[in-house]
Amino acid sequence: MNVRNCRKCGRIFNYVVGIPICPACKEKLEQKFQEVKDYIRENKGANIPEISQACEVETTQLHQWIREERLVFSDDSPVGINCEKCGAMIRTGRFCEKCKNTMVNNLKSTYEKPKPETPARKDTKENPRMRYLDR
């Protein structure tokens with residue numbers, strides 16, 4: 001049993017996996033997420049500081065939801081974050097499409113394809129014999 005203190009409220013809880021916060025704080029965080037999501041639907045032109053101020057959520061939490069691809073913005077939205085690899089502006093996730101494709105290609109090239117097995121050589125002569133090297 002793994003017992004920890006909640007990162008937000010300090011209460012002791014049984015930690016299983018994920019962010020080390022108690023179930024009550026997780027529920028509050030999920031309610032805030034739904035509130036942010038509704039606000040973004042109603043105010044499509046809002047940027048991150050506006051969303052943060054209106055919903056009383058830290059900008060770091062908004063960035064985390066965007067990186068986790070829980071929040072996705074349309075192409076005409078002013079909200080964007082930088083690709084972690086090249087710095088290009090993206091709407092959600094951690095990497096732009098170009099960097100994702102590059103990483104996939106690099107992973108594919110490192111994986112070796114199995115080589116076809118060559119059949120064992122057979123002596124093609126009619127009378128196969130054991131051969132010796134000259135001494």
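**Basis.** I worked from a predicted model in which local features need pLDDT of at least 70, side-chain atom pairs count only at pLDDT 80 or more, and totals for chains, interfaces and linings use all residues. Residues are numbered from 1 along each chain as its sequence is written, and side-chain values use heavy atoms, with hydrogens and water left out.

**α1 and α2.** I looked up helix α1 (residues 23-42) and helix α2 (residues 48-55), whose axes come within 10 Å and cross at roughly 125°. Helices here are DSSP runs (H or I, at least four residues) numbered from the N terminus; axes are lines fitted to C-alpha atoms over the stretch in contact, with angles from 0 to 180 degrees between N-to-C directions. I noted which residues are in contact (heavy atoms within 4.5 Å): Lys 32, Glu 35, Val 36, Tyr 39 and Ile 40 in α1 meet Glu 50, Ile 51, Ala 54 and Cys 55 in α2.

**Ala 54.** I then turned to Ala 54, which lies in helix α2. Its relative accessible area is 41%, so Ala 54 is partly exposed (buried is under 20%, exposed over 50%, partly exposed in between, with a 1.4 Å probe and protein chains only). Leaving aside residues up to four places away in sequence, Ala 54 touches Glu 35 and Tyr 39. I recorded a C-alpha to C-alpha distance of 8.7 Å between Ala 54 and Val 36, which are 18 residues apart in sequence.

**α2 and α3.** Finally, I found that α2 and helix α3 (residues 59-67) pack at about 115°, with axes 9 Å apart. Ile 48, Ile 51 and Ser 52 of α2 make this contact with Thr 59, Leu 62, His 63 and Ile 66 of α3.

Conventions. Helix = DSSP H or I, 4+ residues; strand = E, 2+ residues; numbered from the N terminus.
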